[in-house]
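Here is a short report on one protein model. Look through the structure first, then read on.

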Amino acid sequence: MWPNMPIDYIILPNDEQGIHFGLFVNNTLISVVSLFIENKEAQFRKLATTNLEQGKGYGGRLLSHLITYAEGKKVNKIWCNARVDKKDFYLKFGFKSTNTVFIKHKIDYVVMEKMIIR
Ligand SMILES: CC(C)(COP(=O)(O)OP(=O)(O)OC[C@H]1O[C@@H](n2cnc3c(N)ncnc32)[C@H](O)[C@@H]1OP(=O)(O)O)[C@@H](O)C(=O)NCCC(=O)NCCS
């Protein structure tokens, strides 16, 4: 996501409290995502597939796995701060845009969420 930035720029508060998922192909890490569950709500951060492997279904498989995992934890909602230019990707997985938008590091974001109905 930030291939040219130092680690201090990338680290977020509470990163160490997340559950970190990786999708591996032949022992090579291809896609990553981190999950934070609090008050029956699951936030995921930093979903990313390595540049050369994008568009091959890996990020989607990892996100589907994360959704199933979070549903198993009985959360009511899964949400993320989505880059606006990635909105259509999340729509494919049942996420909906909210009215919450912001700009960080010159990138437009929209909060997207998926309610879990039982
Ligand atoms: C966004 C990202 C994680 C998607 O991962 P990926 O492994 O390339 O995605 P997949 O190949 O699994 O795509 C799954 C589906 O979403 C679609 N898709 C992928 N990127 C898309 C995009 N930017 N806009 C719309 N659809 C997209 C694919 O075409 C595919 O559709 P299909 O199932 O109908 O064929 C990846 O592009 C990435 O790492 N980007 C840089 C980091 C980033 O921006 N992360 C998201 C921050 S919000």
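How far apart do the end C-alpha atoms of residues 1–117 lie, and how much of the span is helix and strand? The ends lie 31 Å apart, and the span is 21% helix and 44% strand. Helices (H or I, at least four residues) and strands (E, at least two) are DSSP runs, numbered from the N terminus.

## Source and record

This is a predicted model: local features need pLDDT of at least 70, side-chain atom pairs count only at pLDDT 80 or more, and totals for chains, interfaces and linings use all residues. Residues are numbered from 1 along each chain as its sequence is written, and side-chain values use heavy atoms, leaving out hydrogens and water.

An unreviewed UniProt entry lists residues 1–117 as "domain: N-acetyltransferase". Such annotations may be inferred rather than shown by experiment.

## The core

The largest nonpolar core has 24 residues. A nonpolar core is a set of buried (under 20% relative accessible area) Ala, Val, Leu, Ile, Met, Phe, Trp, Tyr and Cys residues joined through side-chain atoms within 4.5 Å. Phe44, Leu63, Leu66, Ile78, Tyr90 and Phe95 touch the most other members. The largest share, 6 residues, comes from α2.

Tyr90 touches residues including Phe44, Leu63 and Met112, not counting those up to four places away in sequence. Contact means heavy atoms within 4.5 Å.

## Two loop residues

Lys40 sits in the loop between β2 and β3. Lys40 is not a glycine, yet its phi is positive, about 65°.

His105 lies in the loop between β5 (96–104) and β6. Its phi is also positive, near 50°.

How values were computed. Buried < 20%, exposed > 50% of the residue type's maximum accessible area, 1.4 Å probe, protein only.
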